[in-house]
Amino acid sequence: MSTETTQTTDEPAATGVEESQATAEDAVSATTMTLEIYRGDDDVGELVEYDVPVEEGMVVLDAIHWIQANEEPELAVRWNCKSGRCGSCSVEIDGMPSLACMKRLSEYDPETPITVTPMATFPVVKDLVPDVSWNYEVNETIEPFSPAEDADFEFYQEDVERAREFRKCIECFLCQDVCHVLREHDKKESYAGPRYLVRSAGLHFHPEDTADRTEWMKDDAGVGFCNITRCCSDVCPEDIEITDNAIIPQKERVVDEYYDPLRRLRSWLSGLW
Amino acid sequence: MTQDIETHETDVLVIGAGGAGLSAAISAAEQGADVAVVCKSLLGKAHTVMAEGGIAASLGNVEPADDWQAHFLDTMKGGWGLNDPTMAEIHAKESPERVRTLQEWGAIFDRTEDGDIHQRPFGGHRHDRLAHVGDRTGLELIRTLQDKAVAEGIDVYQECYVTNLLQTDDAVAGACGFWRQDGAPILFRAPAVILASGGLGKMYRISSNSWEYTADGHAMALRNGAELIDMAFVQFHPTGMVWPKSVQGTLVTEGVRGEGGILLNADGERFMFDYVPTEYEGSVAADEAEADRWVAGDEDARPPPELLTRDVVARAILNEVAEGRGSEHGGAYLDIANQRSADYIMQKLPAMVHQFRELAEIDITEEPMQVAPTCHYMMGGIRVDPETQETSVPGLYASGEVAGGLHGANRLGGNSLSDLLVFGNRAGVAAGEAVTGAETPQVDDSQVERYLAGLEAPFDTDPDRGVDPFDLHAELQAVMEEYVGIMRDEDRLSTGIERLESLQDRVENVRATGARTYNPGWEKCFAVENMILAGLAVAHAARAREESRGAHSRVDFPDPDEDWGNIELTVSMRDGEIHLDRDAVPEPRDELQEMLAADAGLEAEAE
């Protein structure tokens, strides 16, 4: 799947960045970089090479958009906000799960082609677009926010801060992509993945939530499958400490609840994880 | 023919899954209606997610003096009196309740010291009014609504592009479109359809809007007999990023100025003091010392001129640039670093810190940003009944940015999220009630056949069909920027209309290649056609409106004209052509009239 079908011979220009708008005509005069992009579906595909004129500040998503507008109008990629807020443009850049809108081309060696491939953990719909519907199915298994009937919603900024880290999640699914339980072992039937342990943490830390999701954590989410490699935390574009702050406390809670009567009692008494 | 198409029957079809669409869907479902939501992107990615500053609602948690009357008056003043007064009243009265409801559904807002929802100041709001979640309010809002909709079991059709509305007699009968993932057509039969499809900002090159903002709702409404109002009023947000070029237009939240950020020109002058319109002279700090006191929390001080309404600030920045006092990259400097501590900035504006660090290699806690106006929001939109949000097409509703009326000639920051919640809810309730006992409408096969032929047309290999949709989109953006941009005049607008008409001819021959599966070129064929039609509506309304008011700036008519003070321009389609009518803006009821007069009198006194 690594046939290179497009090859141009334009030499990168020696003179830095041009001010002009990137169009096909400018390609010869501007600095160019080469991208190898996955083209195909879940069954058949290949890396195809494109030379893209580079302007200062360009991100990988800009390069993909340039290719769409100038060479391949059928090239499929998801995107929305183009400023790291919506989590749509998740891809793998040189194998690293990343948001294409937040990775500047200047971060990469201009002499080496940049490979852009779809998130490997999910089936490919087309090109850089994976089928992420499984994630939405997992989400539906989580008991939603459940306040007490007489909740007064009086709480303080320090309560907000405890929940905030988990509520920053933009659902880019990069953590799901990198998680080897899902990626290498394909345990989608057994393990909900980091994103949904972040969501349950966000609900748990809601000052007015009353639901007990421990059984979900143990049985549906399969929190025990995580073996704490912290890959998810490493790729999180929102810098959420997923493993340490979301997953490990839920592992401990499951252990307390199901496997350690003494700690269970202590935990129950303190009302804390 | 129709039986070959995947067909769904539902009571209420909601087109769009941003704040308005999800609010409408939840409220319609609460009425007992079967609801289907269709969205072009994945659920949770709608443009609402980008909203930064907050939700305007007169909760009075920070300033107890705030009430719905004050919010109403600020909204009317910000809209230069062109607002539909009933919508402005409903909006001001109902937004606090919608914010509380959102909290009950799980949204976690920043808090006051008393443990209540905190509220921040924002341009044009006389009190601290915006309920917020750091600078990620939109994310919290959409995630809360998304979770609520999922919990309610509402059917969501993701990555599904609705291109046509269906009608039986005059009434709406459903809609059809296609699944983006495989290109297969899909048809909905529904006695009520709610358009919550957002804006049209992708017709401009420098825009804060996402790819979805292609005027689909505006165009479908026009083609199906609904009316658009106030289309001249496109909001250019004063602070978009200007550098690097690849992120030009990306929004810098007004929250930066709300937290004390100041605007400087290349000479280091704080120029906004020179641009205070007479209408606002009594309500803005007289000098930097008073502005500083306001930032420090002095309740007797008036807010700094950086928090004037967006139309005023955008024009001021453009003027500084035009007169040679622009920043290095052609904007103004926006400085928070010297106004607030690094810790404070990190806590209040974390997303801005992140955005500038990652995209521009700038640490905003250390150095100023550079900003210039960016296309941000459409004040105008589909004319709706102020109570129910029903359009002039029976069964067709509109809410959120795609609807017109609430904001008049200029929208205040924070009034968009409250608009989504208040009128999304209203549309959902009204549609949900209206369909009780309604029959699923029959669908006219000939309309469906026309729709199917339209889907296939771009793949036609006729050699005349050779217009590239990406090129056409770029040309449209160039035309809109050059001829229908921020500063307008009759000659430019007339040229713009000619150019747009020629683009409209060429879009007939727009071409797609390959298969339908997730094909951006093919999808863009429909989007560009919609944007050209809506662009014409903007240009025609802008040419006819021979005055400057709010976001509409005519170089040849630089002042507001009293004769236009209560006129809204209505755009409709007659025999395939754009048609303009001058209609009177609805009169405020007596009590509101008196409030408006008293408020104007108080301000005159203050001056």
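Where in chain B does Thr461(B) lie? Thr461(B) is found in the loop between α12 (445–456) and α13 (469–483) of chain B, where helices (H or I, at least four residues) and strands (E, at least two) are DSSP runs, numbered from the N terminus. The model is predicted, so local features need pLDDT of at least 70 and side-chain atom pairs count only at pLDDT 80 or more, while totals for chains, interfaces and linings use all residues. Residues are numbered from 1 along each chain as its sequence is written, chains are lettered from A and ligands numbered from 1 in the order in which they are written, and side-chain values use heavy atoms, with hydrogens and water left out.

With a relative accessibility of 73%, Thr461(B) counts as exposed; the cut-offs are under 20% relative accessible area for buried and over 50% for exposed, with partly exposed in between (1.4 Å probe, protein chains only). From C-alpha to C-alpha, Thr461(B) and Glu361(B) are 47 Å apart in space, and 100 residues separate them in sequence.

His407(B) also sits in a loop, the one between β18 (396–398) and α11 (415–434) of chain B. Its relative accessible area is 2%, so His407(B) is buried. Leaving aside neighbours within four places in sequence, the residues in contact with His407(B) are Gly79(B), Asn83(B), Tyr377(B), Met379(B), Asn415(B) and Asp419(B), contact meaning heavy atoms within 4.5 Å. With one of these, Tyr377(B), His407(B) makes a side-chain to side-chain polar contact at 3.2 Å. A polar contact is a pair of N or O atoms within 3.5 Å; within protein, one must be able to donate a hydrogen and the other to accept it, and residues adjacent in sequence count only if both atoms are side-chain atoms.

Helix α15 of chain B covers residues 520–544. The expected span of a helix is 1.5 Å times one less than its number of residues, so the 25 residues of α15(B) should span 36 Å, and the 35 Å between its end C-alpha atoms agrees. Of these 25 residues, 22 are buried.

Two bridges join β5(B) to β6(B) (residues 130–131) in the antiparallel sense, and Gln119(B) has Ala131(B) as its bridge partner in β6(B).

How do the chains meet? The size of an interface is often given as the accessible area lost when the parts come together. Between chain A and chain B, about 4900 Å² is buried, 50% of it from carbon and sulfur atoms; this is the accessible area (1.4 Å probe) that two parts lose on being put together, summed over both. Chain A brings 61 residues to the contact and chain B brings 65 residues. Eight salt bridges are counted between chain A and chain B, each a side-chain nitrogen of Lys or Arg within 4 Å of a carboxyl oxygen of Asp or Glu. Glu171(A) and Arg143(B) form a salt bridge, with their closest N and O atoms 3.6 Å apart.

Key: Two strands pair if DSSP finds at least two bridges between them.
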